[in-house]
Amino acid sequence: MINTKKKIALITGAGSGIGLSAAKSLVASGFLVILTGRSQEKLDKAAAQFEQGQVHALTVDVTSPQSVAALFATVHETYGRLDVLFNNAGTNVKEQPIEDQPYEDWLAVINTNLNGAYLCTQAAVRLMKQQTPMGGRIINNGSISAHTPRPYSAAYTASKHAITGLTKSTSLDGRQYNIACGQIDVGNAATDMGNKALSGRLQADFELAQEPVMPADKVGDAVAFMANQPDGTNILTLTVMATAMPFVGRG
């Protein structure tokens, strides 16, 4: 077991984008961060951006109960505890009318965005309940879509609305074990997914329009802000978005 006085954070989908930005912000604030994702090559490239000992890269398939169980067993054996879990792993599929969407696309989104977060939350709660001192913090990556959908986004929107339910249930169930759970809802960050807004996204009137994006590192800073709240304090929901994003108001 590695003996460290640093708090331990685990991020899913940490090889790039928001996950990697959150890792950088958490490391800067004193955490030792476990980077996880499906591709070891991608994780190794991400880990190379940090000094030795600041991060630990481990592969996981968040849609697999066996893979998630193995990951958290390794965390327990290696560090003995987990202070923060950031459920960030997510995916999306081609935007199309619900009647044309293949069921396989629906399953792909739900399995990663919702079931993956559920499995990791379940494993994290088990570990946080048994460690000393008891407790920890779970942060779920929601979305602007957890509030308001885009056209042709049934699977993604449903998954993010469900994340809100998971966040609230985990927050409630975790109280007696000093486990806090909150959600960050992100709008148009400069990532592979978010940058699609620059080339135009369908609006509520089904017209295509460009939308502004914000730097991904600002999302990372917001995650670190949530993670660094003192014991006994929880940010249940936080929305971070480009100022001029067409979210508030009539579409």
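This is a predicted model: local features need pLDDT of at least 70, side-chain atom pairs count only at pLDDT 80 or more; totals for chains, interfaces and linings use all residues.

**Notes on the sheet, its helices and selected local features**

1. As background, strands of a sheet pair through backbone hydrogen bonds, either parallel or antiparallel.

2. Which strands make up the sheet, and in what order? It is an open sheet of 7 strands in the order β3-β2-β1-β4-β5-β6-β9, with parallel pairing. The edge strands, each of which pairs on one side only, are β3 (55–59) and β9 (237–241), and the twist averages 20° from one strand to the next.

3. How are the two faces of β4 arranged, buried or exposed? Both are covered, since Val-84 and Phe-86 on one side and Leu-85 and Asn-87 on the other are all buried, where buried stands for under 20% relative accessible area. In general, the side chains of a regular strand alternate between the two faces of the sheet.

4. Helix α4 touches β4, β5 and β6 (179–187), and its direction makes about 175° with that of β4. Helix α6 also packs on the sheet, touching β4, β5, β6 and β9, with its direction at about 165° to that of β6.

5. Helix α4 also holds Trp-106, a residue that counts as partly exposed at 30% relative accessibility. Together with Tyr-103 and Leu-107, Trp-106 forms a nonpolar patch on the surface, and the accessible area of the three residues together is about 290 Å².

6. How many salt bridges does a search of the whole structure find? The search finds 4, and among them is the pair of Glu-95 and Arg-201, whose side chains meet at 2.6 Å, N to O. Glu-95 lies in the loop between β4 (84–87) and α4 (103–130), whereas Arg-201 lies in strand β7 (residues 201–202), so the pair ties together parts that are 106 residues apart in sequence. Of the two partners, Glu-95 counts as partly exposed at 29% relative accessibility, while Arg-201 counts as buried at 13%.

7. A further salt bridge joins the side chains of Glu-211 and Arg-150, at 2.8 Å from N to O. Because Glu-211 lies in the loop between β8 (208–209) and α6 (216–227) and Arg-150 in the loop between β5 (136–141) and α5 (154–174), this pair ties together parts that are 61 residues apart in sequence. Here Glu-211 is buried, with a relative accessible area of 4%, and Arg-150 is likewise buried, with 19%; for Arg-150 the cut-off to bear in mind is 20%.

8. The salt bridge between Lys-45 and Glu-41 has its closest N and O atoms 3.9 Å apart, a value to read against the limit of 4 Å that is used to assign such pairs. The two residues are 4 residues apart in helix α2 (residues 40–47), which means that about one helical turn separates them. Lys-45 counts as exposed at 57% relative accessibility, and Glu-41 counts as exposed at 56%.

9. The peptide bond from Thr-132 to Pro-133 is cis, with omega near 0°, and Pro-133 is found in the loop between α4 and β5. Tyr-152, although it is not a glycine, has a positive phi of about 60°; this residue is found in the loop between β5 and α5 and counts as partly exposed at 35% relative accessibility. Phe-206 likewise has a positive phi, near 65°, in a residue other than glycine, and its place is in the loop between β7 and β8, where Phe-206 is partly exposed with a relative accessible area of 46%.

Definitions and conventions. Residues are numbered from 1 along each chain as its sequence is written. Side-chain values use heavy atoms; hydrogens and water are left out. Buried means under 20% relative accessible area, exposed over 50%, partly exposed in between (1.4 Å probe, protein chains only). Patches are made of residues with over 30% relative accessible area and no salt bridge: like charges are joined within 9 Å, nonpolar side chains (Val, Leu, Ile, Met, Phe, Trp, Tyr) within 5 Å. Accessible areas come from the Shrake-Rupley method with a 1.4 Å probe; for residues, only the protein chains shown count as cover. Two strands pair if DSSP finds at least two bridges between them. Axes are lines fitted to C-alpha atoms, for helices over the stretch in contact, and angles run from 0 to 180 degrees between N-to-C directions. Contact means heavy atoms within 4.5 Å.
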